[in-house]
Amino acid sequence: MTTPPEDDAPWWRDAVIYQVYIRSFADGDGDGVGDLTGLADRLGYLADLGVDALWINPWYASPQVDNGYDVADYRAIEPAYGTLADAEQLIARAHEHGLRVIPDLVPNHLSAAHAWFRAALAAGPGSPERARFVFRPGRGPHGEEPPTNWRAHFGGPAWTRVEGPDGGPGEWYLHLFDPGQPDVDWRNDEVRAEFEDVVRFWFDRGVDGFRVDVAHGLAKDPALPDLADPADLTGASLPVGEHPFADRDEVQEIYESWRRIADGYPGARMFVAEAWVPSPERLARYVSPGRLQTAFNFDFLLAPWEPAALREAIDVTTGYLHGVGAPATWVLENHDVVRAPSRYGRRPDGSVDVALGVRRARAALLLMAALPGGMYVYQGQELGLPQVDDLPDDALRDPTWERSGHTERGRDGCRVPLPWTARGSSFGFGPDSGEHADRGGSPPWLPQPEWFAEYAVDVEADDAGSTLTLLRGALTRRRALDALGEGPLTWESAPGDPALVFRRGPGFACVVNLSGTAVGLPAHEEVLLVSDPLDDGALPPDAAVWLALR
Ligand code: GLC
């Protein structure tokens with residue numbers, strides 16, 4: 001099946017989108033880092049899994065301070081990943097497999113190695129080159145204090161001082177993340193024009209949409225006020241629009257302009273916002289008519305494994321999103337959060353009951369795939385892969401580790417290169433060391449633990465009880481059943497019940513058992529799928545089932 005680019009049906013309303021963390025997906029050339037060749041070779045696997053589209057984390061030329069979220073050139077591919085021609089070919093081949101392609105757009109900040117930032121440093125205070133960023137003199141008698149008390153997401157102050165024209169200490173620049181990621185000033189016309197052009201550049205090359213990084217953060221209060229609560233990085237402590245850099249109203253104009261660009265292209269080009277905002281009500285603003293079409297529902301991801309919390313996350317998000325005509329967009333894992341099996345299996349002392357966590361994560365997958373709207377699957381989630389909690393300190397690459405003064409270990413534990421085969425020097429992530437020794441082959445950029453073998457694709461592919469088989473089955477059913485994807489959801493369980501029971505369409509029900517004991521099933525014609533074997537017809541704790549109803 002090929003994807004007709006001119007088909008303008010809103011495919012994104014109930015799409016299943018697979019997140020490719022390209023650095024860790026598949027290494028085609030044996031340098032220890034994933035790449036476009038590795039990805040191109042695995043498109044068949046992704047098509048067989050039954051997903052509709054790929055979101056690919058930043059593939060642009062970058063010093064990789066934050067694994068590509070520090071872009072040095074938005075129109076070039078990171079040389080470790082391939083070339084622009086490889087990317088064009090990947091887009092075409094993915095379309096041949098019926099898979100759409102959504103790259104990551106990083107508009108809040110660029111890399112300190114970007115030509116604009118280098119020009120800003122060279123041009124000095126008051127220059128138009130500096131006006132593309134947020135440069136300010138410091139406070140204190142000698143400007144030695146940062147301009148505000150804002151903190152960076154990775155730790156430490158959100159400002160770094162640069163040299164003045166005389167070689168002494170000069171102005172400070174704003175970076176909400178790493179110092180290697182200077183924020184651009186979205187009030188600057190050149191910034192707006194540049195990103196509009198970048199959006200067009202990739203639409204012209206056939207991409208089907210963009211994931212918008214830090215969508216809540218682009219606009220800043222030009223008065224740069226101090227924060228009463230410097231720990232509030234999302235705006236939770238202030239009314240809408242009053243936080244100096246989180247979730248300000250002005251961001252919406254930017255998205256309206258991108259939406260106009262997208263709508264001018266043939267086919268249905270979409271956006272998904274990464275907006276960490278304090279409530280679904282605020283999230284709905286990003287997907288109101290004429291803005292971005294979809295936004296990740298992080299409330300669902302953040303909900304604990306408890307029936308009331310999950311049900312509320314489902315009801316409240318769908319309520320607000322449907323109120324503005326947008327579909328829900330479910331997500332349980334990504335490259336920034338602890339993998340679901342480890343989250344759901346975490347004991348109070350911090351250790352993980354892996355078996356329990358994997359059971360819950362499998363049940364959560366069936367729950368998510370039965371909800372109305374679209375959903376995301378993060379690479380490795382289809383394998384039930386747990387977090388790697390014990391990476392050695394000297395292996396850690398997330399800037400959070402250094403910036404927090406070694407108090408926060410960061411996100412590397414969910415970014416370890418995928419195990420494709422139970423054997424082989426890198427579990428099949430790269431060519432086997434024997435095969436690539438002559439090419440100066442390197443081990444994977446993050447070390448893989450021995451237990452990755454159990455979760456390897458080639459092990460799970462042949463196992464009827466594996467998470468990979470479960471998800472494949474779920475996605476096949478999801479495609480075949482009219483009841484799934486978009487449409488109404490009717491609760492059959494009461495709000496306080498320990499099991500979630502809901503109906504989709506006339507003929508389908510999903511039951512998720514969040515209690516400590518097995519629960520009986522409602523009358524049904526057939527058990528379509530179950531995340532754990534039924535026990536004498538009853539659903540065991542921490543399991544989910546899909547039922548065909550009479
Ligand atoms: C987003 C990305 C994260 C990155 C940050 C800065 O939150 O998902 O990985 O570090 O933005 O770009």
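Me: In which helix does His-322 lie?

Reply: This is a predicted model, where local features need pLDDT of at least 70, side-chain atom pairs count only at pLDDT 80 or more, and totals for chains, interfaces and linings use all residues. Residues are numbered from 1 along each chain as its sequence is written, and side-chain values use heavy atoms, without hydrogens and water. Helices are DSSP runs (H or I, at least four residues), numbered from the N terminus. His-322 lies in helix α9, residues 307-323.

Me: Is His-322 buried, exposed or partly exposed?

Reply: Buried means under 20% relative accessible area, exposed over 50%, and partly exposed in between (1.4 Å probe, protein chains only). His-322 has 39%, so the residue is partly exposed.

Me: Which residues is His-322 in contact with, leaving aside neighbours within four places in sequence?

Reply: Contact means heavy atoms within 4.5 Å. By that rule, His-322 touches Pro-327 and Ala-328.

Me: At what angle do α5 and α6 pack?

Reply: Axes are lines fitted to C-alpha atoms, for helices over the stretch in contact, and angles run from 0 to 180 degrees between N-to-C directions. Helix α5 (residues 189-204) and helix α6 (residues 251-263) pack at about 30 degrees, with axes 10 Å apart. Angles under 35 degrees count as roughly parallel, over 145 as roughly antiparallel, 65 to 115 as roughly perpendicular, and the rest as oblique. Therefore α5 and α6 are roughly parallel.

Me: Which residues make the contact?

Reply: Among them are Phe-195 and Val-199 of α5, and Trp-258 and Ile-261 of α6.

Notes:
Helices (H or I, at least four residues) and strands (E, at least two) are DSSP runs, numbered from the N terminus.
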